[in-house]
Each structure stands twice: as structure tokens, then as C-alpha cells.
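Have the viewer open as you read.

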Amino acid sequence: MQKEFVGRVTRTRRALLIDAGRLAGLCTAAALGPLATAVPKAFAQPAAAPEAEANAGSRLVLLGTQGGPGVNLRRGQTASAVVVGGRPYLVDCGYGTVRALVESGLGYRDVHHVFLTHLHDDHTLDLAALMSLQWTGRGTVPTNVYGPYGTAALVAAALDYLGPNTEIRTIDEGRSVNPETLFHGHDVAASATASDVFEDERVRVSCIENTHFPEAAKAQMRFRSVAYRLDTADRSFVIAGDTAYSENLVALARNADVFVCEAVDVAQHARLVRQAAEADEKGDPNAAFLHHVADTHSTTEQVGRMAAEANVKTVVLNHLLPGSSGPLARELPDTAYIDAVRKFFDGPVIVGRDQMRL
């Protein structure tokens, strides 16, 4: 299978206006540094038209890049789409995903394959909205949702949530399509070896368990967290989901073209570790949460280690902490993330932003 990285990143007009100053600087070779050859001035081009996308091979579209369950006006919650010949395959569906799909030009009507890395709400909140809008928009093509244990139940619960809307519109508008015939949830295996999840004529999807849930928590629940690999005719994409350093993920990502991984700034991580220790001393009930954030997410240095060990071609940093969650939504400079990755990985590193196309 031929593997080729096409270093093209585009953004929508609205996203450019939000961050015009930063993007203008990034479009110069001096600002890009090692990325100058991987991400040329096309970084600032408008999003491809749908008809062009259909003939463009495979692309990654970042729809939401903020880490954590908060809401801000600069970054949406986690979601990415791998688009193959114009057909989108959605990975995660955090709050803001449906709007981001519309903004990207992909739309939500043609999203019929959804892959959830795990069932935290910042990765699933817009799933019910996606299902509802597809049905209300008179969609007739089924949408299948894949994910670890609990995904089938989540889809069933979303259908229950949509029940009143369904009944009202069926009676009042004469609708005849039962949404239960359109939306199907599938629980997939979460194990230490990669397993196939889905395959059609455009993409093969496999998954492996990552290390987002600690062993102590897993002993008390059946819920798990996975990473996905999507192999297409021209490129391979690995989307790590939320995870700390993971040998399983390294195996899944071996020789991948694009490695999309969450990233916690090293300084931010040090603060979280310190806050967790202080909370322990005080008996603060927030201690467990702080330990979760500090212990089950990847620092930028860990991302670099995994990328180097897996021999991936390009790293894309996603699910960013702090991202835009700091005071007044101020963001760290890209170098704050990239420099730590470069301690281990010397290939192209891209700090993700909503509406980037790669």
C-alpha cells in the first residue's frame, strides 16, 4: 500500500478570522521552522469545495481540538473526520461537532460511520444531536456507531431521548421512518492486540485498547478506552483518543502516515501533579479528578516518545491542554507544545486547530 504524506492544511474563513494574527505568522518559513517543508503556505487556503474533496484522496479534518469537558469559543470538544473520496468517517463526537461538520463543508447528513474512542461526555455529547438532525432531515441511510463497551447502550439511550420528538413529528408531520431502523450501536473489543472494527471499499478500521483508564478503575467497571487506525488506499491515520503512554498504541501506530494524539503541555502537567498532591494532603474531594487528568493523559514528551518508537511520519497534536481553557482563552504558543515533542521525534509536528485539513 502506497503511503504518502501530503502536507496541506486548510482552514475556514471564520477560523482564520478568529486567529488571523497567529496564522499569518505561521505562514512564514521562519515561524514554521521544521514544518516549513511539511506545511507550506497552503496552510491559509480556504476549505476545499465538496466536489473537490470527493476527488482528493484521503484527508484528515480536525473538527474539535480542545482537551476536557469545558466549553469555550475558540475550540470545540474532540472530534475528527477522516474523509476518503468525499466520504467522512467520524472519530468522536464531542460538543460542537455537528456545527463544525457544517462549517467544514462536510455537513452532517453524510456521516454514517462514527467511531467513539471512549464514552466520556466530551467525546460523545453531540451524538444525539447528530442522530436527531439526520432523522429530522429525512435521512434514510443508516448510521452505525462503533465504540467500546456501552456504545450500543448509548445509542439506544439517545433513541429514547429522541422519543418525544419522534412521536410528535410522526403524528403531526406524517413521518413514516422509525429512527430505530436508522441508528445502530456496536460494542467493539478493547484488547492489547489490534482487532478489526469495520471495512468497506474505502477504509479499513482497527482498534486497540489504550491506557486512559487505570487498572484500579477497570477492575470496577466494564468500560474501556481505545485508539483507532484507519487505513486507506493512499494514507494511514491513527487517532489515539485519550491515553497516557501506551505500548499498545505504539504497536497500532507503527509506520503510520499521520499520528493524531492528545497533548498536555509539560508545564501544565507539572501543575496538575502538584495540585493533585496538595489536594491529597488536604483531603480535597477533587483529588481523584486531578489524579485522573495528570495520570491518564499524554504529555507532549510522551507523544514524542510514542511517535518515535512507532516510526510515524507526522504528528498532529489534538485534545490540547490547556488549549483555550486558560484565563481569557489565551493560548500557548505552538512552540510550547512542539519543543517537548521534538526531544524525541524529529519529523513534522502540527499543533491542531479546529477546521484544519491535513
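Searching the whole structure turns up 0 disulfides, where a disulfide is a pair of cysteine sulfur atoms within 2.5 Å. Keep in mind that this is a predicted model, where local features need pLDDT of at least 70 and side-chain atom pairs count only at pLDDT 80 or more, while totals for chains, interfaces and linings use all residues. Residues are numbered from 1 along each chain as its sequence is written, and side-chain values use heavy atoms, with hydrogens and water left out.

Cys 207 is buried, at a relative accessible area of 1%, and Cys 261 is buried with a value of 1%. Here buried means under 20% relative accessible area, exposed over 50%, and partly exposed in between (1.4 Å probe, protein chains only).

Cys 207 also leads us to strand 9, where it stands opposite Tyr 228. Strands here are DSSP runs of E with at least two residues, numbered from the N terminus.

What about the neighbors? Two strands pair if DSSP finds at least two bridges between them. Strand 8 (residues 204–209) pairs with strand 9 in the antiparallel sense over 6 bridges. Strand 10 (residues 236–239) pairs with strand 9 as well, antiparallel over 4 bridges, and Arg 229 has Val 238 of strand 10 as its bridge partner. Strand 9 and strand 10 form a hairpin, with 4 residues between them.
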